[in-house]
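Please look over the structure shown here.

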Amino acid sequence: MIKHDGKQVRIGGSTLAISGDRNHDWFIGHSPHYEALAAEGPWEEWVRLAQAILAENDKRQLSTKQPQR
């Protein structure tokens, strides 16, 4: 899941997530469900978080590509 709230972006689920300022490319891992900075969860949650991060990275690369002349 990717949520955009103004400049802030949150990538991940309810147990594991990263949040940060998209303009500064600075993110921190946390656990929204437990309201803690120590993110922990089963392997599958980590895989989903990694997939969400990679999907966001792909979108960023597509949006920054300039048309070829």
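## Terms and source

Buried means under 20% relative accessible area, exposed means over 50%, and partly exposed lies in between (1.4 Å probe, protein chains only). By that definition, Glu56 and Arg60 are both buried.

This is a predicted model, in which local features need pLDDT of at least 70 and side-chain atom pairs count only at pLDDT 80 or more, while totals for chains, interfaces and linings use all residues. Residues are numbered from 1 along each chain as its sequence is written, and side-chain values use heavy atoms, with hydrogens and water left out.

## Nonpolar core

Val9, Ile11, Leu16, Ile18, Leu49 and Ala52 make up the largest nonpolar core. Such a core is a set of buried Ala, Val, Leu, Ile, Met, Phe, Trp, Tyr and Cys residues joined through side-chain atoms within 4.5 Å. Two or more residues of this core come from each of β2 (8-12) and α1 (43-64). Helices (H or I, at least four residues) and strands (E, at least two) are DSSP runs, numbered from the N terminus.

In soluble globular proteins, nonpolar side chains tend to be buried together.

## Surface patch

Trp43, Trp46 and Val47 form a nonpolar patch on the surface, with about 350 Å² of accessible area together. Patches of this kind take residues with over 30% relative accessible area and no salt bridge, their nonpolar side chains (Val, Leu, Ile, Met, Phe, Trp, Tyr) being joined within 5 Å; like charges are joined within 9 Å. Areas come from the Shrake-Rupley method with a 1.4 Å probe, and for residues only the protein chains shown count as cover. Trp43 belongs to helix α1 and is exposed, because its relative accessibility is 65%.

## Salt bridges

Four salt bridges are found in the whole structure, each a side-chain nitrogen of Lys or Arg within 4 Å of a carboxyl oxygen of Asp or Glu. In one of them, Asp25 pairs with Arg60, and the closest N and O atoms are 2.5 Å apart. Asp25 lies in the loop between β3 and β4 and Arg60 in helix α1, so this pair ties together parts 35 residues apart in sequence. Asp25 is partly exposed, at 48% relative accessible area, and has a positive phi near 50° although it is not a glycine.

Glu56 also bridges to Arg60 (3.4 Å, N to O). Through shared partners, salt bridges join Asp25, Glu56, Lys59 and Arg60 into one network. Elsewhere, Glu45 and Arg48 meet at 2.7 Å, N to O; they are three residues apart in helix α1, which means a separation of about one helical turn.
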